Amino acid sequence: MSKPLYVLNGPNLNLLGTRNPEVYGTTTLADIEAMVRERAGACGLEVVFRQTNGEGTLVDWIQEARSEACGILLNAAAYTHTSVAIHDALEAAELPVAEVHLSNVHRRESFRHRSFVSPQADVVLAGAGAYGYVMAVDWFAQHLDR
């Protein structure tokens with residue numbers, strides 16, 4: 001059996017659908033998970049889908065993915081712009097990484113323009129809303145050596 005794709009979500013993404021809908025839309029994280037699972041299934045990929053508000057938990061999951069996953073789809077949310085620990089964990093994981101953001105971070109506050117994830121990411125998708133996750137699954141389906 002092949003290894004699953006880890007879809008990891010950072011802080012406040014559990015509030016999707018109600019938090020700043022003018023920025024993040026009205027789609028919930030459960031809706032995104034359903035979209036990801038449907039597309040991944042159609043592509044023959046299994047998914048482990050998780051969300052946490054804790055930076056250390058994200059680091060733990062990235063380290064776990066090193067041996068358990070075929071790749072990492074990561075929306076690190078606010079930790080994208082602050083976490084050297086997540087950067088280092090991604091580097092150590094030695095896996096394909098897709099960085100996803102619902103909003104176009106480059107059209108937002110200047111502190112969101114820097115990403116500690118991007119230097120470790122193979123692809124970055126920002127501003128496509130929930131569809132960015134589906135696009136990332138498609139990217140993995142095309143680029144994984146299965």
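Author: Helices (H or I, at least four residues) and strands (E, at least two) are DSSP runs, numbered from the N terminus. On that basis the chain has five helices and five strands, and along the sequence they follow the pattern β-α-α-β-α-β-α-β-β-α. With a radius of gyration of 14 Å, close to the 15 Å that the globule rule gives for 146 residues, the chain is as compact as a globular protein of that length; the radius is taken over C-alpha atoms, and the rule is 2.2 Å times the number of residues to the power 0.38.

This is a predicted model, in which local features need pLDDT of at least 70 and side-chain atom pairs count only at pLDDT 80 or more, while totals for chains, interfaces and linings use all residues. Residues are numbered from 1 along each chain as its sequence is written, and side-chain values use heavy atoms, with hydrogens and water left out.

Buried means under 20% relative accessible area, exposed over 50%, and partly exposed in between (1.4 Å probe, protein chains only). Contact means heavy atoms within 4.5 Å. Buried residues make up 49% of the 146 residues in the chain. Of the contacts with a separation of 6 or more, 76% are between residues 24 or more positions apart.

Now the annotated sites. The UniProt record, an unreviewed entry, gives "active site" for Tyr24 and His101; its positions are in the numbering used here, feature names are shortened, and annotations may be inferred rather than shown by experiment.

Histidine 101 belongs to strand 4 (residues 97-101) and is buried, because its relative accessibility is 6%. Not counting residues up to four places away in sequence, histidine 101 touches Asn75, Thr80, Leu125, Ala126, Gly127 and Ala128.

Asparagine 75 is part of strand 3 (residues 71-75). Its relative accessibility is 3%, so asparagine 75 counts as buried. With neighbours within four places in sequence left aside, asparagine 75 is in contact with Leu8, Asn9, Gly10, Leu13, Val100, His101, Leu102 and Tyr133.

Beyond four places in sequence, histidine 87 is in contact with Phe116, Pro119 and Gln120.

Glutamate 55 is in helix 3 (residues 55-68) and counts as partly exposed, at 29% relative accessibility. Not counting residues up to four places away in sequence, glutamate 55 touches Tyr79, Ser83, Ala85 and Ile86. Glutamate 55 and alanine 92 are 37 residues apart in sequence, with their C-alpha atoms 16 Å apart in space.
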